[in-house]
Amino acid sequence: MKGVKNWDTVITCDIIGYPTPAITWTRPLKQLSSNRHIIDGKQLTIRNTSESDGGGYVCHGVNSLGNVMAMTWIFVKDVGKKINRKAL
């Protein structure tokens with residue numbers, strides 16, 4: 001998944017189940033800051049995405065029948081950088 005530097009990035013957790021699982025978000029070896037990482041149900045919004053936000057994000061789904069997790073990778077791009085056309 002691509003994120004754009006200085007824009008908001010929204011990730012959706014595709015875990016489904018019955019009963020409806022409770023969803024939580026984590027990052028391996030990193031903390032999600034509460035002022036920039038907003039969790040709303042299955043969605044995680046990263047406000048003002050920066051290069052340090054690149055990497056893996058894990059959503060966990062838990063209900064009375066078990067648990068499952070899914071991982072998503074974000075690659076942050078800077079749209080403000082000029083492209084060297086000769087390199088293309």
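**Sheet, patch and salt bridges in a predicted model**

Me: Which order do the strands of the open sheet have?
Reply: The open sheet has 3 strands in the order β2-β5-β4, and the pairing is antiparallel. Strands are DSSP runs (E, at least two residues; helices are H or I, at least four), numbered from the N terminus. Two strands count as paired if DSSP finds at least two bridges between them.

Me: Which strands stand at the edges?
Reply: β2 (9-12) and β4 (37-40) do; each has a single partner strand, so one side of each lacks a neighbour in the sheet. From one strand to the next, the twist averages 20°. Axes are lines fitted to C-alpha atoms, for helices over the stretch in contact, with angles from 0 to 180 degrees between N-to-C directions.

Me: What kind of model is this, and how are residues numbered?
Reply: This is a predicted model, in which local features need pLDDT of at least 70 and side-chain atom pairs count only at pLDDT 80 or more, while totals for chains, interfaces and linings use all residues. Residues are numbered from 1 along each chain as its sequence is written, and side-chain values use heavy atoms, with hydrogens and water left out.

Me: How many bridges join β4 to β5?
Reply: There are 4 bridges between these antiparallel strands. Asp-40 stands opposite Gln-43 in β5.

Me: Is Thr-45 buried or exposed?
Reply: Thr-45 counts as buried because its relative accessibility is 18%; the cut-offs are under 20% relative accessible area for buried, over 50% for exposed and in between for partly exposed (1.4 Å probe, protein chains only). Thr-45 belongs to strand β5 (residues 43-46).

Me: Which residues does Thr-45 touch?
Reply: Leaving out residues up to four places away in sequence, Thr-45 touches Asp-8, Thr-9, Val-10, Arg-36, His-37 and Ile-38. Contact means heavy atoms within 4.5 Å.

Me: Arg-36 is on that list. Which side chain meets Arg-36 in a salt bridge?
Reply: The side chain of Asp-53 does, at 2.3 Å, N to O. Arg-36 lies in the loop between β3 (22-26) and β4 and Asp-53 in the loop between β5 and β6, so the pair ties together parts that are 17 residues apart in sequence. A salt bridge is a side-chain nitrogen of Lys or Arg within 4 Å of a carboxyl oxygen of Asp or Glu.

Me: Are these two partners buried or partly exposed?
Reply: Arg-36 is partly exposed, with a relative accessible area of 21%, whereas Asp-53 counts as buried at 2% relative accessibility.

Me: How many salt bridges does the structure hold?
Reply: The structure holds 3 salt bridges. One of them joins the side chains of Lys-5 and Glu-51 (3.8 Å, N to O). That pair links distant parts of the chain, 46 residues apart: Lys-5 is in the loop between β1 (2-4) and β2, and Glu-51 in the loop between β5 and β6 (55-63).

Me: And where is Asp-78?
Reply: The side chain of Asp-78 meets that of Lys-5 in a salt bridge (3.8 Å, N to O). Asp-78 is in the segment after β7, 73 residues apart from Lys-5. Asp-78 is partly exposed, with a relative accessible area of 27%.

Me: New topic: which residues make the nonpolar surface patch?
Reply: Met-71, Trp-73 and Phe-75 make the patch, which covers about 350 Å². Trp-73 is in strand β7 (residues 66-77) and is partly exposed, with a relative accessible area of 48%. Patches are made of residues with over 30% relative accessible area and no salt bridge, with like charges joined within 9 Å and nonpolar side chains (Val, Leu, Ile, Met, Phe, Trp, Tyr) within 5 Å. Accessible areas come from the Shrake-Rupley method with a 1.4 Å probe; for residues, only the protein chains shown count as cover.
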